[in-house]
Amino acid sequence: MGLAFNRRNVLLAVAGIAALGAAGPTQAQEWPNRDITFIVPYAPGGSTDPISRKFCEILEKELKVKLIVENKPGASATIGTGAVVRAAPDGYTIGLGSNSSLAYQPLEMKGLAWKDTDGYQSIVKLADLPSILGVPADSRFKTFDDFIAEARKNPGKLKVSVSGLRTTPDLAMQHFNKQSGLRVTTVPFTGGGGEALLAALGGRVDGSVGFGATMKGQVDAGKLRVIATFSNDKYFLFPDAKPTGETPWKSAVRTAYYVIAPKGIPQPILDKLFAASKKVLEGEDFKAFAVANGYTMDPKFGDDMKKELMDYERQFKEVNDFLESAK
Amino acid sequence: MTAFEGLFYGLGVAMTPANLLAAFAGAFAGTAIGVLPGLGPVAGVALILPLTFSLDPTAGLIMMAGIFYGSMYGGSTTAILLNIPGESASVVTAIDGYKLARRGRAGATLTIVAVGSFVGGTLAVIGVMLFSAALAKVAILFGPADFFALTFGGLMVMARISGGTLASSLLPMAVGLALGTIGQEAVTGETRYTFGILHLVEGVSLVPIVVGLYGLAELMLLIEDKAHAAARPQSVKMRELLPTRTEWKRAVPSWLRGTGLGFLFGLVPGPAATLSSFASYRLEKAVSKHADEIGSGAIEGVAGPEAANNSAATASLVPLLALGIPFTPIAALMISAMLVQGVQPGPLLITEKPEIFWGLIASVYIGNVMLLALNIPMIGVWVSLLRIPLYLFLPILLVLSVIGAYSVRNSIFDVWVLLGAGLLGYAFNKLRFQLAPLVVGLILGPNIEKHFRETLFLSQGDLWAFVDTPIAITVWILVAGILAVGYFARRRTSVATAMAQESSL
């Protein structure tokens with residue numbers, strides 16, 4: 001005997017669905033009552049996986065449920081980010097985002113599940129990671145001013161390697177080019193910054209724009225000198241490097257990491273998420289991790305984070321237009 | 001600290017119970033990962049990465065390295081027994097290994113491989129220990145133009161890797177190169193030939209292609225071969241597990257050549273273990289005394305590549321430890337493990353954290369001994385698998401292949417790729433096209449393109465950049481030499497055959 005498709009059954013079904021909907025708020029009050037999945041749109045290795053795992057490790061203690069870290073890499077982080085954006089907005093799927101995956105990729109790729117900051121829920125900004133410019137230890141450029149002077153004398157002659165075309169180090173350099181009117185050529189490499197650094201150490205380029213974690217070891221060994229940091233303030237890892245924000249051109253595009261969730265999470269769950277992440281970021285444990293790994297902290301929640309990402313959308317768009325016009 | 005003081009100091013570190021356990025766990029897991037088709041060392045190391053955060057940094061790195069070189073031992077098992085390479089580094093092992101197994105020499109071949117892996121791994125770690133600091137500079141010398149010469153030259157030299165006519169190799173190679181262009185271009189991230197399919201953005205992954213081309217196609221051929229399917233599998237005698245004197249003798253020079261070649265590959269960026277196994281196979285074909293047998297089941301065709309991939313896996317510790325720059329995905333994971341633990345990778349590691357540097361190197365010695373002890377007794381077990389009747393065996397194989405293809409990226413799409421590759425492999429077999437050039441094309445293609453584009457970005461479009469460095473020029477001259485020698489040698493043989501035919505008329 002099958003289920004007859006009559007009015008009685010249909011009404012029952014509708015009532016059932018309505019009841020499920022009504023159960024929503026009560027569920028939210030109990031949130032979280034099961035494991036939460038945290039999607040990292042990058043492969044393990046590199047800077048994104050450790051910061052996610054650290055955040056989850058502490059958040060777990062705050063929320064008293066397990067956080068399962070899932071790496072979903074690929075397609076410039078858009079595959080994993082898409083998985084978060086498209087997940088059910090029940091607070092059980094959140095994930096890592098970066099200003100590159102959230103604000104830059106929508107400019108480059110069509111058909112993504114998010115176009116701008118309205119496509120997802122901003123939760124919290126975890127940290128900034130400044131890009132830095134390193135030159136070989138025996139380079140004639142002792143300071144960033146030397147470098148700029150040479151760039152002005154010979155436009156387009158100076159080359160710096162970056163870890164890939166339109167990665168945040170590349171965008172940082174290009175934004176600086178746009179603001180300053182200088183023309184430093186970026187040469188993209190692959191392989192997570194390692195090969196880009198190798199090109200600088202081997203003298204095939206004049207310098208390399210990358211991150212502290214990759215360069216620190218070479219600096220300690222006296223093979224590399226960091227002359228600039230693409231940030232507003234001094235970078236504690238390399239206090240001698242000149243912040244680009246202190247040049248007349250005020251360009252400071254960093255890499256920033258955020259936590260996002262799908263759009264439409266009930267407010268009570270959101271409030272709990274904000275409160276818990278706030279506690280994580282204010283705790284000594286996370287701060288110590290950030291310092292040890294070269295992150296600078298600048299916590300922003302919800303709408304403040306959204307505003308920052310909108311700024312990045314605008315900056316990236318300007319850089320793209322600039323690169324388009326320079327062609 | 002001299003190298004030998006360092007080694008003794010390292011042995012002290014590696015011999016602590018925790019570190020011994022870490023080495024054993026890594027080696028054991030590595031063997032298992034190697035034996036299972038699909039799940040490769042990168043996925044294996046990524047899986048245990050979070051686990052190592054709770055370990056002492058030295059123990060964590062010892063375990064990760066163990067998985068990498070351990071998988072080089074296990075990877076050849078299924079390649080030899082079933083014609084299904086467990087890793088991409090074991091593809092060439094399948095060519096001669098499987099033919100040897102069909103001749104009843106499976107046990108002997110597995111022994112040669114295990115000992116060859118031990119030789120490769122151990123000699124390479126001696127090299128790492130003695131010359132790390134000096135060799136680290138080698139990597140800095142190589143620029144994109146040099147890598148382009150190496151990879152593109154390699155493609156030309158390896159065109160006829162598995163014998164056959166030139167045409168029967170070139171078409172599959174072109175197919176491999178074409179497959180390699182699918183997905184995101186390495187430097188700019190531009191997507192190509194994806195037809196809006198999200199799975200293709202990351203490109204076609206190697207494992208389903210390899211398992212399909214070799215394994216699935218072999219299954220189909222076995223089923224088709226009804227006489228064979230009905231035949232009772234022969235039982236294997238103990239005597240056949242051991243190589244004969246001649247087999248040992250023939251293996252030794254190949255081991256040594258493979259080890260040397262693998263070591264060089266390990267020093268520079270690229271998929272070292274896989275490439276070195278192909279290069280070693282090619283080298284054996286060129287210089288071995290039994291070169292004419294290679295391709296139809298020669299011990300050299302197995303001994304060389306297997307020593308080479310182990311040696312390459314171990315040598316890739318050089319850039320990791322002495323330079324602090326990762327060249328392989330696994331090295332990147334190990335760097336990540338160091339950073340999370342607050343250990344700064346870089347040239348100063350050896351002086352600032354000698355317990356990690358020397359402990360890791362010493363553990364590789366110990367790990368290789370463990371692996372030998374672990375693998376030799378297993379050979380009897382593996383070989384007895386061949387006694388399972390085919391009607392039970394084939395379904396199990398099919399299931400294993402599908403799981404293997406699925407597990408790489410947890411993607412059902414890859415299972416379809418596997419089936420497609422199986423059909424292609426079957427067709428190529430029937431039409432007597434060579435399969436190995438396809439795999440060479442698929443592996444080298446993206447690398448060639450990447451270095452090509454990097455060179456042009458660096459030179460701002462100046463094509464002379466490709467022959468602008470001493471290394472690149474040397475490589476091109478060598479490639480031209482090898483191709484010329486091969487061409488004239490073949491012409492001489494064909495002239496000789498023609499004359500012999502004429503005189504017999």
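Helices (H or I, at least four residues) and strands (E, at least two) are DSSP runs, numbered from the N terminus, and by that scheme Lys64(A) falls in the loop between α2 and β2 (67–71) of chain A. This is a predicted model, in which local features need pLDDT of at least 70 and side-chain atom pairs count only at pLDDT 80 or more, while totals for chains, interfaces and linings use all residues. Residues are numbered from 1 along each chain as its sequence is written, chains are lettered from A and ligands numbered from 1 in the order in which they are written, and side-chain values use heavy atoms, with hydrogens and water left out.

**Interface of chain A and chain B**

- In contact (heavy atoms within 4.5 Å) are 36 residues of chain A and 37 residues of chain B.
- The buried area, meaning the accessible area (1.4 Å probe) that two parts lose on being put together, summed over both, is about 3,000 Å² between chain A and chain B, and carbon and sulfur atoms give 66% of this. Thr190(A), Leu198(A) and Arg204(A) supply 18% of the area that chain A buries against chain B, more than any other three residues.
- One salt bridge, defined as a side-chain nitrogen of Lys or Arg within 4 Å of a carboxyl oxygen of Asp or Glu, is counted between chain A and chain B, and a salt bridge joins the side chains of Lys450(B) and Glu195(A) at 3.0 Å, N to O.
- On the side of chain A that touches chain B, the elements giving two or more residues are α2 (48–63), β7 (185–188), α7 (194–201) and α8 (212–220) of chain A.

**Salt bridges within the chains**

- Over all chains, a search of the whole structure finds 30 salt bridges.
- Lys54(A) and Asp285(A) meet through their side chains in a salt bridge of 3.6 Å, N to O; because Lys54(A) lies in helix α2 and Asp285(A) in helix α10 (residues 284–292) of chain A, the pair ties together parts that are 231 residues apart in sequence.
- With buried meaning under 20% relative accessible area, exposed over 50% and partly exposed in between (1.4 Å probe, protein chains only), Lys54(A) is buried at 17%, whereas Asp285(A) is partly exposed at 36%.
- Asp321(A) and Lys317(A) also form a side-chain salt bridge (3.6 Å, N to O), and they are separated by about one helical turn because they are four residues apart in helix α11 (residues 302–326) of chain A.
- In chain B, the closest N and O atoms of the salt bridge between Arg192(B) and Glu449(B) are 2.6 Å apart; Arg192(B) lies in strand β2 (residues 191–192) and Glu449(B) in helix α19 (residues 436–459) of chain B, so the pair ties together parts that are 257 residues apart in sequence.
- A network of salt bridges links Lys125(A), Asp128(A), Arg254(A), Asp298(A), Lys300(A) and Glu308(A).

**A buried charge in chain B**

- Glu306(B), in helix α12 (residues 300–315) of chain B, is buried yet has no salt bridge, and the nearest side chain of opposite charge, Lys99(B), is 15 Å away.
- Not counting residues up to four places away in sequence, Glu306(B) touches residues including Met72(B), Ser76(B) and Val113(B).

**Backbone geometry in chain A**

- Most residues other than glycine have a negative phi, and most peptide bonds are trans.
- The peptide bond from Trp31(A) to Pro32(A) is cis, with omega near -5 degrees, and Pro32(A) is found in the loop between α1 (7–30) and β1 (36–40) of chain A.
- Lys64(A), although not a glycine, has a positive phi of about 60 degrees, and Lys64(A) counts as exposed at 71% relative accessibility.

Note on methods:
Lys and Arg count as positive and Asp and Glu as negative; His and the chain ends are not counted.
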